[in-house]
Every structure is written in structure tokens, then in C-alpha cells.
Amino acid sequence: MKLDAKIPAGPIQDKWDKHRFELKLVNPANKRKFEIIVVGTGLAGGAAAATMAELGYNVKNFCIQDSPRRAHSIAAQGGINAAKNYQNDGDSIWRLFYDTVKGGDFRAREANVYRLAQVSRNIIDQGVAQGIPFAREYGGQLANRSFGGAQVSRTFYARGQTGQQLLLGAYSSLSRQVAAGKVKMYPRQEMLDVVLVNGKARGIVTRNLVSGEIEKHAAHAVVLATGGYGNVFFLSTNAMNCNVNAAFRAYRRGAFFGNPCYTQIHPTCIPVHGTYQSKLTLMSESLRNDGRVWVPKNPGDKRAPGDIPESERFYYLEEKYPSFGNLVPRDVASRNAKEQCDAGRGVGETGLAVYLDFADAIKRDGEDVIGRKYGNLFQMYEKITAQDPYKVPMMIYPAVHYTMGGLWVDYNLMTTVPGLFATGECNFSDHGANRLGASALMQGLADGYFVIPYTIGGYLASESIENVTTDHPAFKDSLSYVNDRINKLLAVNGKRTVDDFHRQLGQIMWDYCGMARNNEGLDKAKGMIQELRAEFWENVIVPGETNDVNQSLEKAGRVADFMEFAELMVTDARHRQESCGGHFNEGFQTGESEALRDDENFCYAAAWESKGLDAEPELHREPLTFEHVKLTQRSYK
Amino acid sequence: MTAKNINLTLKVWRQNGPEDKGRFENYEAKDISTDMSFLEMLDVVNEKLTLEGREPIAFDSDCREGPICQCGSVVNGRPHGHEKGTTLCQLHMRHFDDGDTIAIEPFRARAFKVLKDLMVDRGALDKIIQAGGYISVNAGGAPDANSIPIPQDVAEKAMDAAACIGCGACVAACPNASAMLFTSAKVSQLALLPQGKPEAAKRAITMVRAMDALGFGNCTNERECEAECPKEISIINIARMNREFLKASFFSDVM
Ligand SMILES: Cc1cc2nc3c(=O)[nH]c(=O)nc-3n(C[C@H](O)[C@H](O)[C@H](O)COP(=O)(O)OP(=O)(O)OC[C@H]3O[C@@H](n4cnc5c(N)ncnc54)[C@H](O)[C@@H]3O)c2cc1C
């Protein structure tokens, strides 16, 4: 199978307009004859479900949580980018496009990124119209802040709750469509398989998380908006229920997986403090606007931060990157923190932390101003650590945060399985090898409000899609596959808990496929994952039954998929013999320890085709061509 | 602050399903680090139960940072525990003492069904929003975001109300199990903003009606909701909603 990204011809500025014109339309009366399944109610899924319903389609919308409002998107704090240029500081669609392609270390598709920058403006308009209380200036205009990887102020925010407010906006539109009868909600349902009929995605099989019943749902097309897979590392900033299973089941059914090894390690998180720890807490990147990152100059310096004089502090980001300073992109900031800690300059009990210091900002602006900007973040920090950032510097360390990889999709956001679409973090599309801060919310909403509602129409109008019900044998096959797997998990009755296995898998991934990787480690990790997976299926203990609430069973199913998926990540990381963005192979670095790309051989998106559990996946390459942004060594100096 | 380890006795509500009567069961939680969050402490207890071949305690949780608020239980009689302005996942064990006994039960209200142990069905809150907690605007047609200036203090007030995470603690705290604080937060967020004004009156009426129909109680100004709200949503919102509601009853034909 040859990959076709279906990028429209013509000048980049006109591609999206032209494409929308060329896409076939479904006439309004026919829209109500189509059923669309949307899995996920985050920004990407909630926006897509609401908008397609507004257009007239019948939507079935699924999520794991008890309410669509509780998707993980709600946890996003910092902000959302848009090329509004309200600050008159030189921003434009072109600059946002350029920054995103460069920030992604030249591993994203230009045409997609350009479209993203274009529709970014509409997102803010839509949000304000929905009643999202974005931060404002005294004159009543919208306020902006800067985020890493950009030298303009283009980030819109709502205190430290931007994701919450954007999601509640999408949720309100969704609720309106539920009331109108155009969306049927299925909360507390977990998709466990996608069903293909004649090669097209025609439905899903889910487990009702309350009754335990396995359900079949048919539709004319399926949209996956199931978020990222950061929890393969066990510890991450993602919510506990984030998983890979929907995307991974799609992969096993024929959808190619794009760039699974591209993971983002966020530089500003609260450091790990105990083995019982269940997740890591992000401190928003916006803090780097005013906080200064430093470590003691002398390795092993155990004095309290206040006792270390200026002359003995190393503000390593400011010194190494004078033009971006503390606002370098995430991958650069994270790697530098690791480098300092590896050199023995780390602080705190574990030595795996660096300072983020607000003393100068407070001196300059006063506690009031700083409090207004970051008060709730400071409060959250204090709740967790019992330390007051107004008085002592925060301690931070990088943590797994976001996954740029995901299901491979074409320009229409369709996977390699016809009728199966992927939006938001669950696809691989727009961020290349590294995502800039405040761009995930933008992408999720761009996909949901402004891209998929058009492109899905193009698919539905041009394909002949026969009527299929859940009585079709393909649904029965899928159902029995799902039941077998559940019964197998319950039958092991071993000696180790699911969390115990998950923690060990996460450690392997963090050690060998985390912030820095090397060939030897990756080879080793592959063997370790295979062994752990074998042990999992012989020794896991899953109490309870299937026909009841069973959270252990839910977790076990997710970890079972992570066990297979981890190997795919390692395979991808091992094959990419270069460093780029979030993928840093120690064998490939510049003299200044920056990621060294190999554009000659690796300027492509890797799309992996499953050949089953026991065979190596097959690599397909989508060549990336850069006509508008010149391929250069990224520099933030 | 350095962590130490403490031992606790937990009295946990166990209930097999909505039809089951339910009962408290006792568990020992040993060697709990004071750096742990409350939910991490429950994780530790659950790991032990699992290894002993017993069924772990069912409780919801997701982000463990506050905003998703999939979690939420009543701890020693207080929704989300005794720390002010704190969700259960942000409550740390350093706020408990060695030897404490802690009672943990689900949020209780007529409109919330217990699904299992500490898990409840809060779907009724979604239904209140469906009854009008939105601005009727389709994707695509919005004017430029800066075309209507909104004074900063108005935006801030709307934001104060919008901070509600829909956890249901206000309902659990209220002697009448009323959802007034939740409903009024949404009504007043949207009524404050120019974009929400056209539908403000109708919204107040349809949402309050839905709330009543779903089995939530009346507001008798007990103020427990405000005291227990992890996001410290103010009861000023209830006054604002009442105003909208009255205006609507006098002047609109929605009634
Ligand atoms: C702590 C934190 C802070 C962040 N801050 C920012 C920020 O400031 N700015 C920014 O741009 N980005 C930020 N991000 C990233 C951003 O929040 C996410 O990338 C984005 O919200 C993902 O949205 P989504 O709609 O793709 O997925 P999600 O919001 O994760 O939604 C996934 C949905 O899919 C459902 N689902 C998943 N699997 C299944 C299944 N098998 N069956 C049924 N349903 C399923 C879930 O229930 C949920 O409804 C942050 C991320 C984190 C972790």
C-alpha cells in the first residue's frame, strides 16, 4: 500500500480554501441519514461531535468518564495559540506556521500546519461567542502571553484554566446538540475494538463500564479523538485514564501508526517524590515567562537556595540561549535540565530537580502582579509540596507530557482505514517531532470545529456506503475477540497487580526510550518489554468479574495494550537514526549537544503497519517536502 | 517539610450496586507517607486488597490535579475532606495524624445514584446544562473575538463563576441536596457576558426547572455549598440567578 497524504495542489495559502471547494458536499436533507461515531469528548472529540451535529449528522459520542466535560483536555492550564496579532508584535498566520514547523524540528507536513495556523483565528472567535471568559486587558480587549518557542505574544488564556474553559465551551455546544436530539451521549463506555466491513470502518465495540456489558455500535464513519498515550510511561502529567487502546486497536485493524517514538517531555513538572506516586503534576510553561531557571554552579552544593550567592548560580538557559533564554522550546529546556542533573548539579532530596525562581519577578512587579498571573499555580504547588513559591524557588523536573505520534492521517484527517478518522492528540499530524506550548488545544479545536466537519462530508458524499447493522458477522467476530481477551485477563489469576506491571513498564520506557535514547538501550528495552509482556499474561492478578464495575479489569486491558505498544515505540525510536525534537538519540548530536537531524535519510513521517503480535511491523515512509520553511539546524541562541 | 509515615484506620463505604444496601467496612492503612495524596493512599490500600485476593474499593479519579473532578467522596463528613478550597485528589496526607480514623463515603443526594462503593452517577448535572447552559451559536459564524470589548472586571466575574468543575460537592454538602450553586454558576457566567445576555432569562428558567425535575432540593440559604466548594464558588451567583429568574418571570413569555 502506498501512502497518499492527499495534499491539495496549489499555493500553500490557497490549499485549504481550494480543497473545501473541491470536497463533495452532502446535501442538508441527506446529512440526517448518516450516523457518525465519535469516540472521545475532549476538545477534539467534543468539538467534532457538536459541530457535525449542528450540520445535521446524527452523532453517537463516547467517553470513559462519567461526563463528557471530564475529558483530559480540561486539565490544560497555560493557554491556546492563535495568529490574531492583537498585540501588533509582528505575528501572522505565516509566523505561527513557521514557528510550528521549526518548533517541530521539520518533521511535520507543511500543508497541515499552514491550515492549522489559518483556522487558529476562528477558534478564538468561536470561544468568545460561546462565552469563554478569556483574560482581558482593562480596555476590554483580549489579553495575551508568550509561550516557549515563540518571540511574539499569541497565547490566549483563562487564568490557569484554559483547557477547562475551552472544554466547557465545547461541552456547552455539545450539550445543546444532546438536547436537540442530534447527539446521543454514551459516557462510561470504553471502546475496545473498531469494526471493519469490506475494509471500511463501520462501527465499534465497547464495554459499558457500569454494567460490564459488551456493546456493538454501527455507523457510517468513525472518528477517534481518544487523546495521547503518554501513560505508557506510567508516570506522566496525563490523567489516570488516558490510554492507547482505541488507537492501538485501530492499528491492529489496519490503521498505520505515525511516529510513535515522538514523545514530549515537559520541562516544568513537580519532581517525583516516592514509589507510591501515581502521576506527575505539570506546572504550566507560562511560568517560564517570569521564573528563572537555575542550578548551583558547583556540583553537589547542598545549601538552601537562599544561601547560594548569585555568583554561584548557573542560569544555564539564559547563558546558553541568550535570545530565547528561559523560553526555549520544551525539548531543549528538558534536555538541558537532565544534562545539569546528570552533571551532579541537580537539587532537592533526589538530585533530580532544578530551581524555577520568581524572586526577581516579585522584586520587579510585586507579589500582587505575580499572584494575579500565577496565583492558582503557586497554590497548587504549595498543596502538593508544602512549600511556598513566593518565598522559596520552585523545584521542577521534566516529565512525560504529550505524544506527537499517533494514528497516521492524510490531509482529510483520515487514517489508512477508509471511514476511520483521527483528530486531536490521537493523530500524528501537526507537531512533527516536538510540539510548541499552547498548540495542542489549538490543534484539537481546529480539527474538531473546522476541519473534520468538512472532510468527513467529502468522504460520505463520494463513497458508496452500504447499510450495515450490528448483526453483521464482523461485529460478532469483534465481540468474541473482545470477550476472549477479557476472559483471558481474568483467568490468569497470578501474583502481581496491574499497577505493579505498569510501573515496571514505565520505568523501562523512561530509562531507555525517554528524554535521551541510544541504540544499545533501545535494543535492550525491546527484550525487556517482551519478557515483561510474557510475564504479564502469566502472572497478573485481576480481581472481580466482567459483568460489574471492575476498575482493575479496565486498567488491565489498557496495560495489556501498552505492553504491545511500547515495543512499537522502541522499534520506531531504534529505526530513526537521527535526533529530532523530542526524539534524542545520543549518537546523533551537534558539538553543542543539540539534536542533529539527518535530512538526507530521515526527512519523512514513519507510518507503521501492524503485521500482528508476533511479527515485526512494516515501515512505510511519507516523504516530507519543505517548500516554504528552509530546513536548518534549529537554533534558539 | 520532610515526610513521615503514619498509620490510619479507614471506615469505607462498600456497596455492590445501586440496589445494594451498603455498609461501612474497616481497613488498616499502614506506613502511609505524609507526602501522599489521599487517592494515592487509597491506591496503596487497594494494592494490598488485590494481593490478598479481595476486591479493591471502587472510586473514580482521573486527572488528580483538580479540574477534571472525576473523583469526589465525603471524608469525615465533609465533601473532598476538611481542607478549604481543595479537591480530594489535592488533599495530602500531611493533614492527618498518626492513629486517625477516617470515614470515607460517596457523595449522597437523591439525584446521585451510588453505582458502586464510592462511585456515583452525577449525570443529572449534565442534564441541567443540557436544559440551557449554553449560548446558541454554531461553529463558523462568530464575529472577530475583539469586536465586543468586555470590561476586565466583568470578564473576571464571569471567570469566577466559570471556575466550577461540576464535581457535585455543593449538592452533597447541602442539607436539601440542592444544585443551586452549580446551576447558578453557569447561569451567572453566561448572564454576565454580552454574548450570553440574549438568552439569559430563558436560560435561568429552563435550567432551574430542569434542576427541580431531576430531584434536586430547594435552596434554603444554608451556605454549606459555598463552604465546601473546592473552587470556592460564591453564593453571589445564586443571588444573580434569582435576579435573572425574577426578571424572566415578570417579563418573558417562557413561563
Ligand atoms: C496537565 C496538562 C496541561 C496541558 N496544558 C496545555 C496547554 O496549556 N496548552 C495546550 O495547547 N495543550 C496543553 N496540554 C495538552 C492538551 O491538553 C492535550 O493534548 C489535548 O487536550 C488533548 O485533547 P484531545 O481532545 O485530543 O484528547 P483528550 O482531552 O485526552 O480526550 C480524550 C477523550 O477520549 C476518551 N477516550 C479515550 N480512550 C477511549 C476509549 N478507549 N473509549 C472511549 N473513550 C475514550 C476520553 O474519555 C476523553 O473523552 C496539556 C496537557 C496536560 C496533560
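This is a predicted model: local features need pLDDT of at least 70, side-chain atom pairs count only at pLDDT 80 or more; totals for chains, interfaces and linings use all residues.
A polar contact here is a pair of N or O atoms within 3.5 Å. The backbone of Ala440(A) also supplies an N or O atom, 3.0 Å from an oxygen atom of the ligand. From the side chain of Ser73(A), an N or O atom is 2.5 Å from a ligand oxygen atom. The protein covers 98% of the 1000 Å² of accessible area that the ligand has on its own (Shrake-Rupley method, 1.4 Å probe).

## The shell around the ligand

Around the ligand there are 39 residues, of which Gln65(A), Ser73(A), Met191(A), Glu425(A) and Leu441(A) come nearest; a residue is near if one of its heavy atoms lies within 4 Å. The site is shared between chains, because residues from chains A and B surround the ligand.

Helices (H or I, at least four residues) and strands (E, at least two) are DSSP runs, numbered from the N terminus. In chain A, helix 3 (43–55), strand 6 (189–197), helix 7 (245–252), strand 15 (394–403) and helix 11 (440–462) each supply at least two residues of the shell. Strand 6 of chain A gives the most, with 3 residues. By class, the shell has 16 nonpolar, 19 polar and 4 charged residues, with Asp, Glu, Lys and Arg counted as charged, Ala, Val, Leu, Ile, Met, Phe, Trp, Tyr, Cys and Pro as nonpolar, and the others, Gly among them, as polar.

## The largest cavity

On a 1 Å grid over the protein atoms alone, a cavity is a set of points where a 1.4 Å probe fits but cannot get out, and lining residues have an atom within 4 Å of a point. There are 16 cavities of 30 Å³ or more. The largest cavity holds about 830 Å³ of space, the volume being that filled by probe spheres set on the points. Of its 50 lining residues, His72(A), Ser73(A), Gly227(A), Gly228(A) and Glu425(A) are closest to the centre.

The ligand sits in the largest cavity, meaning that more than half of its atoms lie within 2 Å of the grid points. Helix 11 of chain A gives the largest share of the lining, 4 residues. The lining divides into 19 nonpolar, 25 polar and 6 charged residues.

## The largest pocket

A pocket is an open set with protein on both sides within 12 Å along at least five of seven lines. The largest pocket has about 910 Å³ of space. Among its 50 lining residues, Met240(A), Asp499(A), Lys555(A), Asp43(B) and Arg64(B) are closest to the centre. The lining of the largest pocket has 19 nonpolar, 15 polar and 16 charged residues.

## Conventions

Residues are numbered from 1 along each chain as its sequence is written, and chains are lettered from A and ligands numbered from 1 in the order in which they are written. Local features need pLDDT of at least 70 and side-chain atom pairs count only at pLDDT 80 or more, while totals for chains, interfaces and linings use all residues; side-chain values use heavy atoms, with hydrogens and water left out.

Key:
A polar contact is a pair of N or O atoms within 3.5 Å; within protein, one must be able to donate a hydrogen and the other to accept it, and residues adjacent in sequence count only if both atoms are side-chain atoms.
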